[in-house]
Amino acid sequence: MQRHIAWDIGAAAVTRLLSQALGATAFLGTYSRLLIDLNRPLDAPDSIPLRSEATDIPGNAGLAVTEIARRDERIFTPFHRCVADELDRRQASGVPTRLLSIHSFTPVFFGQHRPWHAGVLFDGAAAFGAAAIDRLAAPGLVIGINEPYKTDRQGDYAIPIHGDDRGIAAIMIEIRNDLISDPPGVALWARRVAQAIAGRL
């Protein structure tokens, strides 16, 4: 539970500061992704992972259909219903809306060092993504473009479903978790991200 396999280290702390800085509504998951991943479609192989990188998750082996449904009904669906209700309200009121999904990633994955300090991921919102990348760029920083992951509807949920399908500009920002593992790092990256996207909100 102290490792990235269970939760995105630093992401919630960054999100809280961003919410304050931007006056934005924030939605945070309160369960480990080892129970069910809020950013995976329910039919994705790693929605309820049997293995995370090199670690087996024995509590997820041989789950009954009823247990899978229970996790969906108690964790996944209520979270996304809250997000959808807020977006419905904003769209019905004509409030300009952008969607930002905050995550973190490990410096090393399967023994491979990752060169990025942060990455901006997007599909339909290319203009929003490009603007965020330009504003995050700074001397000494390596900002990935659709790195260290790709975003698509087979492996992701928030960006395609809550963003692209609604016509809402939506991007994901991934921050390397060793950079946001303490309060000073969290504050620094929350400020950087806020400055990078403030002009687009």
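Biologist: What covers the buried residues of helix 3?

Modeller: The cover includes strand 3, strand 6, strand 7 (143-145), strand 8 and helix 5. The model is predicted: local features need pLDDT of at least 70, side-chain atom pairs count only at pLDDT 80 or more, and totals for chains, interfaces and linings use all residues. Residues are numbered from 1 along each chain as its sequence is written, and side-chain values use heavy atoms, with hydrogens and water left out.

Biologist: Which residues in helix 3 are buried?

Modeller: F128, G129, A131, A132, I133 and L136 are buried. The word buried means under 20% relative accessible area, exposed means over 50%, and partly exposed is in between, with a 1.4 Å probe and protein chains only. Helices (H or I, at least four residues) and strands (E, at least two) are DSSP runs, numbered from the N terminus.

Biologist: Why does I102 count as buried?

Modeller: I102 has 13% relative accessibility, so it counts as buried. I102 sits in strand 3. Leaving out residues up to four places away in sequence, I102 touches A11, V14, T15, L18, I173 and V193. Contact here means heavy atoms within 4.5 Å.

Biologist: Why is strand 3 said to be largely enclosed by the rest of the structure?

Modeller: Strand 3 covers residues 98-105, and it is called largely enclosed because 6 of its 8 residues are buried.

Biologist: What makes strand 3 and strand 8 a pair?

Modeller: Strand 3 and strand 8 (residues 169-176) share 8 bridges in the parallel sense. Two strands pair if DSSP finds at least two bridges between them, so these strands qualify. One of the bridges joins L100 to I171 in strand 8. I171 also lies 8.8 Å from I102, C-alpha to C-alpha, although I102 and I171 are 69 residues apart in sequence.

Biologist: How do you know that the reach of helix 5 is close to the one expected?

Modeller: Helix 5 (residues 183-197) has 15 residues and reaches 21 Å from its first C-alpha to its last, close to the expected 21 Å. The expected span is 1.5 Å times one less than the number of residues.

Biologist: Which residues of helix 5 are buried?

Modeller: They are G185, V186, W189, A190, V193, A194, A196 and I197. These residues are placed on the same side of helix 5 because they cover an arc of only 160 degrees around the axis. The arc is that of the directions from the helix axis to the C-beta atoms. On the other side of helix 5, P184 and Q195 are exposed. The buried residues of helix 5 pack against helix 1 (11-22), strand 3, strand 6 (118-121), helix 3 (126-136) and strand 8.

Biologist: What makes D182 a cap of helix 5?

Modeller: A side-chain oxygen of D182 lies 2.9 Å from the backbone nitrogen of G185, at the N-terminal end of helix 5.

Biologist: Which residues of the largest nonpolar core touch the most other members?

Modeller: They are V14, V120, L136, I171, I173 and V193, in a core of 26 residues. Helix 1, strand 6, helix 3, strand 8 and helix 5 each give two or more residues to this core. Helix 5 gives the largest share, 7 residues. A nonpolar core is a set of buried Ala, Val, Leu, Ile, Met, Phe, Trp, Tyr and Cys residues joined through side-chain atoms within 4.5 Å. In soluble globular proteins, nonpolar side chains tend to be buried together.

Biologist: What does L136 touch?

Modeller: Not counting residues up to four places away in sequence, L136 touches V120, L141, I143, I173, W189, R192, V193 and A196. Another core, of 15 residues, lies apart from the largest one and has L38, I75, I159 and M172 among its members.

Biologist: Why does E86 count as buried?

Modeller: E86 has 15% relative accessibility, so it counts as buried. E86 lies in helix 2 (residues 65-92). Neighbours within four places in sequence aside, E86 is in contact with T25 and F27.

Biologist: What makes a polar contact with the side chain of E86?

Modeller: The side chain of T25 does, at 3.5 Å. A polar contact is a pair of N or O atoms within 3.5 Å; within protein, one must be able to donate a hydrogen and the other to accept it, and residues adjacent in sequence count only if both atoms are side-chain atoms.

Biologist: Why does E53 count as partly exposed?

Modeller: E53 has 26% relative accessibility, so it counts as partly exposed. E53 is in the loop between strand 1 (51-52) and strand 2 (55-56).
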